[in-house]
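My entries follow in the order I made them.

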Amino acid sequence: MPSEPSGQTPPASSLPGPSLPTPLPAIAALPAYVPGARGDAAVPPIKLSSNESPDGPLPSVTAALADAGGLIHRYPDMAASELTARIAAHIGREPAHVVAGAGSVAVLAHLLQAYAGEGDEVLFAWRSFEAYPILTRIAGATPVTVPLTADARHDVEAMAAAVTDRTRVAMLCSPNNPTGPALTTAEFEAFMAAVPTRVLVILDEAYLEYVTDPDVVDGPAALDRHPNLVLLRTFSKAYGLASLRVGYAVGPEALIAPVRACVTPFSVSGPAQSAAIASLEAGDELVERAHTVVAERERVLAALRADGWSIPDSQGNFVWLAVGEDTGALVAHLGGQQPSILVRPFAGEGVRVTVGSPRENDALLAALARWQGRTG
């Protein structure tokens, strides 16, 4: 016979009950994605931590957003049909060759969902974009990394040698985030010649609008030569739509169709689609803005090298300071300036600094000169 209740509630720890849900081991072990520092809103910092455009939206984009705001009670075009057609025309492809998503990171996740899984390997250089290993693990695949060369470039020969029977995807970041160098046509073609066509190659061109070196690989032209190639691009950088999250992939229809099947329905909002279309229509203005950033990049690189810094070639809107174990100290020094200067640290390796406005870049150069005086 059951005993009578005592009237006292036992402690919660002694109550029987099911255990809480637990995530998959691969997810629980994921490293956290570290965004660029944002600083204290009360004292606006110089924010050079996220590779954002130093300029606000173009007037035509602002107008497109205002118009789209009156329709936010309606679902957007699920397939982003008009945007996809405009992107295709911009690149000289067919709409079936393009898939859009909520930023290039989301599109990359869909690519990996479609082409890599348990037991597969995904190959990429390291250090490179920090989302690569995270998204690879989420897809259930195993990341395989190949160190950069001494001058912070992709070691394409070593990467090709690292391809195994399990390799399903290889990712090339050009220009490489965070170090800056871009793949030349010769480097790219050597890699593609050595990699079997069963391997999907993703050429991540997030910073292509800032590329000025004529030897850098031309992504759209390479599509015509390589049936296993997909390009990955974004509106977040040169187009200045970082907050709206619009990215896309371009490749052969047979490769893109499975990716489109993985895209979350309605993931590109109506305002984001409108802003991206308006940005494509304002191509000349955006090219002019990109040229301004490139001019500042070259000025900053020249000044840093004149001060004794060893800086890799950069074809993006950022520069790489390989300070190794001094990374934390340099970040603290820059953060202690008035106003504070926010950069993107990679512990034990170095600091990535976005090219900002001339005023912001002058403040950075002065702060780095003070650092050189302290440590030199």
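**Entry 1**

I began with helix α3, which lies across β2, β7 and β8 and runs at about 125° to β2. For the record, contact here means heavy atoms within 4.5 Å. Axes are lines fitted to C-alpha atoms, for helices over the stretch in contact, and angles run from 0 to 180 degrees between N-to-C directions. Helices (H or I, at least four residues) and strands (E, at least two) are DSSP runs, numbered from the N terminus.

The model is predicted: local features need pLDDT of at least 70, side-chain atom pairs count only at pLDDT 80 or more, and totals for chains, interfaces and linings use all residues. Residues are numbered from 1 along each chain as its sequence is written, and side-chain values use heavy atoms, with hydrogens and water left out.

I then checked α9. It lies across β2, β6 (200-204), β7 and β8, at about 25° to β2.

Next I read off the strand order. Seven strands form an open sheet, β2-β8-β7-β6-β5-β3-β4, with mixed pairing. The edge strands are β2 (98-101) and β4, each pairing on one side only. The twist averages 20° from one strand to the next. Two strands pair if DSSP finds at least two bridges between them. β2 and β8 run antiparallel and are joined by four bridges. In that pairing I found Val98 opposite Val250 of β8.

**Entry 1: the three-stranded sheet**

I moved to the other open sheet, where three strands pair antiparallel in the order β9-β12-β11. β9 (318-321) and β11 (344-346) stand at the edges with a single partner strand each, so one side of each has no neighbour in the sheet. Neighbouring strands are turned by 20° against each other on average, direction ignored.

β11 and β12 (residues 350-354) run antiparallel through three bridges. Phe346 has Gly350 of β12 as its bridge partner. Helix α12 (residues 327-335) packs on this sheet and touches β9, β11 and β12, with its direction at about 35° to that of β12.

Phe346 came up again in a charge search. The charged end of Arg344 sits over its ring, 4.3 Å from the centre. The test is NZ of Lys or CZ of Arg within 6 Å of the ring centre and within 35 degrees of the ring normal.

**Entry 2: aromatic pairs**

How many aromatic pairs does the structure hold? I count eight. Rings of Phe, Tyr and Trp (its six-membered ring) pair if their centres lie within 6.5 Å; planes under 30 degrees apart count as stacked, over 60 as edge-to-face and the rest as tilted.

I looked at Tyr75 and Phe266. Their ring centres are 4.8 Å apart and their planes at 35°, so this pair is tilted. It links distant parts of the chain, 191 residues apart: Tyr75 is in the loop between α2 (59-69) and α3 (81-91), Phe266 in the loop between α9 (253-262) and α10 (270-281). Tyr75 is exposed at 69% relative accessible area, and Phe266 is partly exposed at 35%.

I listed the cis peptide bonds next. Trp126 to Arg127 is cis, with omega near 10°. Arg127 is in the loop between β3 (121-126) and α5 (131-138). Asn177 to Pro178 is cis too, with omega near 20°. Pro178 is in the loop between β5 (167-173) and α7 (185-194).

Ala152 has phi near 70° and lies in the loop between β4 (142-147) and α6 (156-161). Ala152 is buried at 10% relative accessibility. Arg245 has phi of about 65° and lies in the loop between β7 (229-234) and β8 (247-250). Arg245 is partly exposed at 33%.

**Entry 3: helix α11**

I tested the length of α11 (residues 283-306). Its 24 residues should span 34 Å at 1.5 Å a residue, and the end C-alpha atoms are 35 Å apart, which agrees. The expected span is 1.5 Å times one less than the number of residues.

Its buried residues include Leu286, Ala290, Glu296 and Arg297. Gly308 follows α11, with a positive phi near 100°.

How values were computed
Buried < 20%, exposed > 50% of the residue type's maximum accessible area, 1.4 Å probe, protein only.
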